[in-house]
Amino acid sequence: MSVIQSVAGLSPDVYESCNDSADSEVMWQRFSVPYEYTVCFTDGLFNTANELFANTLSRHEPDKRHRLIVFIDQGVADASPATCAAIKNYCSEYSEQLDLTTPPILTVGGESIKADWKLIEQMQQTLVDHHIDRHSYIVAIGGGALLDAVGLVAATAHRGIRHVRVPTTVLAQNDSGVGVKNGINLFSQKNYLGTFSPPFAVLNDYGFIRTLPPRDKIAGIAEAVKVALIRDTDFFQYLQRNAHALATFEQNAMQYMIMRSAQLHMRQIATGGDPFETGSARPLDFGHWAAHKLETLTAFELRHGEAVAIGLALDARYSVLAGLLSQGCEIEICNLLEQLGFKLWHQALGERDASGAYQVLAGLNEFREHLGGELTITLLQAVGVGVEVHSMDESLVAESIQWLRVRQQ
Ligand SMILES: NC(=O)c1ccc[n+]([C@@H]2O[C@H](COP(=O)([O-])OP(=O)(O)OC[C@H]3O[C@@H](n4cnc5c(N)ncnc54)[C@H](O)[C@@H]3O)[C@@H](O)[C@H]2O)c1
Ligand SMILES: [Zn+2]
């Protein structure tokens, strides 16, 4: 066997791992690509006095006029009808830097956009029509669902076009928008089709949160509770102390909750050692094995965040029953979620299949299959400290479901 070194300086261990006995030539290729993107918080992104948007797009080539196309969530446009005009006006004001190729394109938001492949194709067609190339920008303004769908479009057209996210929901600002994933639902599976693809920039505008319906404002807070539970006891205590302020959407508390949650999500992605999830663990998906299943069982009648809150409560109780978490912690967690406005029961959680098994249990295997490899579920060993397990006792899950059912009565 001969080995051809294609990159200078590869360590000898690379070669030692080769199979000497094979009559083959083996070449090794290795390179790494650093990722970097800004995550900004502002208020009034498209106020002409605010230079952030123009400066962000001009970051690498300040002297160039940058072509951009904007897909905007219909829900955002309905809630703040002046937004599209403000974007057009902003781009005219900054016309030396920005070339808006066409007026902002209204796009259906929520899970509907992730449910229909044709909408992805339509967006791709729009890019073709407007000659959007890899040096242009695709700007997505909307909730987590729209960002996921437009992110997929941006990642795949021309094999990847610069993508700027403008998240407009609590959940999209404090969790999904700052991450590296996109995707749509296919074959009755959540996020079946998608890519890992970091954005060019994330521009969070608190102004959008003001127009969000209360139900969505509350739903997103579940992701902040989640990340506090696995990574940051102090933040959990902050959420407890400010539960009333958050439940009534007091501005300072909301803004801190969003920013701190986004920061903890970013830290996990950057320092957790597996940003593109090649391993089996996914700590940021604490509470999500049940949540994803509840979303599909309810045909998305439950919002993602609402399902996550139930999933957190379920796995907190399970952690206690499994002897991992001190008794009483799960009550503290449930109390906080309820103070924030979550209901910790949905009839879908109690539904059974023909064999009498809880239907939500099928979520365990679906979760494993989506991640690949060994089943890895994050549970709690303390408030602020996650722990990974590789199996779940179905009778303890059933007990946890029963506990939640009794609790809500
Ligand atoms: N990619 C990731 O890493 C990741 C992480 C977590 C969640 N997600 C995905 O995010 C999605 C949930 O996102 P979401 O909670 O933001 O909800 P969403 O995107 O479904 O939006 C909820 C509703 O709010 C509307 N809306 C959005 N912004 C608004 C605003 N400012 N004012 C008024 N209405 C507005 C939308 O039109 C929609 O009807 C799920 O599909 C979930 O799978 C992705
Ligand atoms: Zn989530």
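So, R159: you'll find R159 in the loop between α7 and β8, where helices (H or I, at least four residues) and strands (E, at least two) are DSSP runs, numbered from the N terminus. Phi of R159 is near 65 degrees, a positive value in a residue other than glycine. For context, most residues other than glycine have a negative phi. R159 counts as exposed, at 75% relative accessibility; the cut-offs are under 20% relative accessible area for buried, over 50% for exposed and partly exposed in between, with a 1.4 Å probe and protein chains only.

Before I go on, the housekeeping. This is a predicted model, so local features need pLDDT of at least 70 and side-chain atom pairs count only at pLDDT 80 or more, while totals for chains, interfaces and linings use all residues. Residues are numbered from 1 along each chain as its sequence is written, chains are lettered from A and ligands numbered from 1 in the order in which they are written, and side-chain values use heavy atoms, with hydrogens and water left out.

Okay, A299 has a positive phi too, near 50 degrees, and again isn't a glycine. A299 sits in the loop between α14 and α15 (304-321), and A299 is exposed, with a relative accessible area of 62%.

Back to helix α7, which holds V153. V153 is buried, at a relative accessible area of 0%. Its C-alpha is separated by 8.3 Å from that of E121, 32 residues apart along the chain.

Helix α7 (144-156) also turns up in the second largest pocket: along with β8 (162-167), α7 gives two or more residues to the lining. Here a pocket, on a 1 Å grid over the protein atoms alone, is an open set of points where a 1.4 Å probe fits, with protein on both sides within 12 Å along at least five of seven lines, and lining residues have an atom within 4 Å of a point. The space in there is about 450 Å³, counted as the space filled by probe spheres set on the points, which are joined across faces, edges and corners. There are 22 lining residues, and I161, R162, P198, P199 and F200 lie nearest the centre.

Now the ligands. What surrounds ligand 1? We get 24 residues, the closest being D73, E111, T168, T169 and K190, where near means a heavy atom within 4 Å. From an oxygen atom of ligand 1 to an N or O atom in the E111 side chain is 2.4 Å, and for the side chain of K190 an oxygen of ligand 1 is at 2.7 Å. On the backbone side, a polar atom of F208 is 2.9 Å from a nitrogen of ligand 1.

Ligand 2 is a zinc ion, coordinated by E223 (OE), H288 (NE2) and H304 (NE2) at 2.0 to 2.1 Å. Donors are N, O and S atoms within 2.8 Å of the metal (3.2 Å for Na, K and Ca), and water is not among the atoms, so the site may look incomplete. Along the chain, the donor spacing reads E-x64-H-x15-H. E223 lies in helix α10 (residues 214-231) and H288 in helix α14 (residues 288-297), so the pair ties together parts 65 residues apart in sequence. Both E223 and H288 are buried.

Last one: S58, in the loop between α2 (52-57) and β4 (66-73). Is S58 buried or exposed? Buried, with a relative accessible area of 4%.

Notes. Polar contact = N/O pair within 3.5 Å; in protein donor to acceptor, adjacent residues only side chain to side chain.
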